[in-house]
Amino acid sequence: MSHTMLRHGSSGRRFFSIWFLLKCLVVSAQVQKRVPDLHWYPATATWYGDPEGDGSTGGACGYGSLVDVKPLRARVGAVNPVLFKNGEGCGACYKVRCQDKSMCSRRAVTIIVTDECPGCSSGRHFDLSGAAFGHMAIAGEGGQLRNRGELPVLYRRTPCKYRAKNIAFHVNEGSTDYWLSLLVEFEGGDGDVGSMHIKEGGSTEWLPMNHIWGANWCINGGPIKGPFSVKLTTLSTGKALSAKDVIPSNWSPKATYTSRLNFFP
């Protein structure tokens, strides 16, 4: 089994406080375009939860119940702080494969970062759902592989693919005309977010949003009026897209608004 660790539960979306308001006042850093790194690197892996389970509920990225349903179900993974990147690593996709030829398959399992494993290895570490960990094994050896506990693995970035899904923006509970917080969902391609901007209806000015925790961003000030267009720039390669008027003028907290766009590999 994996190490015991602290995790954020599904209540993450409701965890709004003065700390988040202060975080909204911090200006986001500029994102520089880079080429994606698809090389394989050494790491270690463990597993948690039920042996054939989907992993944790919620998680430090703030996806809540999304981790329990497809396309995230059974593909979730927690990573150590090096890969979590203070939450900016949320949503990134990795291929992970084990190296013991006696029980490991040649195929790699694809996982999506949904959680942090703060107590894990100081190097690069993946704590996978029981199902994802078992998928690295040859047929019939999933149980034996899980019995091994911690394994040496290889990993690399891989484009996120959400079939028939476009990027969505969940308006977090507690949002108002003066403090608006969004959670990014189903981002294809790089999967991560380096910066976000929002534009009010009828305006030409893109206002910077600020990263507060996990996959959550916010803007503080106003009042601001919808409909809102949202511009998203990835952390890994600096690719950008803009979803025009994706959030309507009659938006409401706890609602999710889906765009017509996504990054496709």
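Reply: Let us begin with a term: a cavity is a set of grid points where a 1.4 Å probe fits but cannot get out. Please keep in mind that the model is predicted.

Me: How many cavities of 30 Å³ or more does a search of the whole structure find?

Reply: The search of the whole structure finds 1 cavity that reaches 30 Å³ or more. The space in the largest cavity comes to about 150 Å³, and among the 20 residues lining it, Tyr-63, Cys-90, Gly-91, Val-184 and Gly-191 are the closest to its centre.

Me: What makes a residue of the lining nonpolar, polar or charged?

Reply: Tyr, Cys and Val count as nonpolar, whereas Gly counts as polar and Asp, Glu, Lys and Arg count as charged. Sorted in this way, the lining of the largest cavity holds 11 nonpolar, 5 polar and 4 charged residues.

Me: How do you know that strand S1 pairs with strand S6?

Reply: Pairing requires at least two bridges between two strands. Strand S1 (residues 41–48) and strand S6 (residues 151–157) are joined by 5 bridges and run antiparallel, so by the rule of at least two bridges they pair. Within this pair, Ala-45 stands opposite Leu-151 in S6.

Me: Which strands does S3 join through bridges, and how many bridges are there?

Reply: S3 (residues 93–98) is joined by 4 bridges to S4 (residues 109–116), antiparallel, with Cys-93 having Ile-112 as its bridge partner in S4. S3 is also joined to S6 by 5 bridges, again antiparallel, and there Val-96 stands opposite Tyr-155.

Me: In what order do the strands close into a barrel?

Reply: The 6 strands close in the order S1-S5-S2-S4-S3-S6, with mixed pairing, and the twist from one strand to the next averages 45 degrees.

Technical notes. Residues numbered from 1 in each chain as written. Predicted model: local features only at pLDDT ≥ 70, side-chain atom pairs only at ≥ 80, totals over all residues. Heavy atoms only, no water. 1 Å grid on protein atoms, 1.4 Å probe; cavity = no way out; pocket = protein on both sides within 12 Å on 5 of 7 lines; lining within 4 Å. Points joined across faces, edges and corners; volume = space filled by probe spheres on them. Helix = DSSP H or I, 4+ residues; strand = E, 2+ residues; numbered from the N terminus. Axes fitted to C-alpha atoms, helices over the stretch in contact; angles between N-to-C directions.
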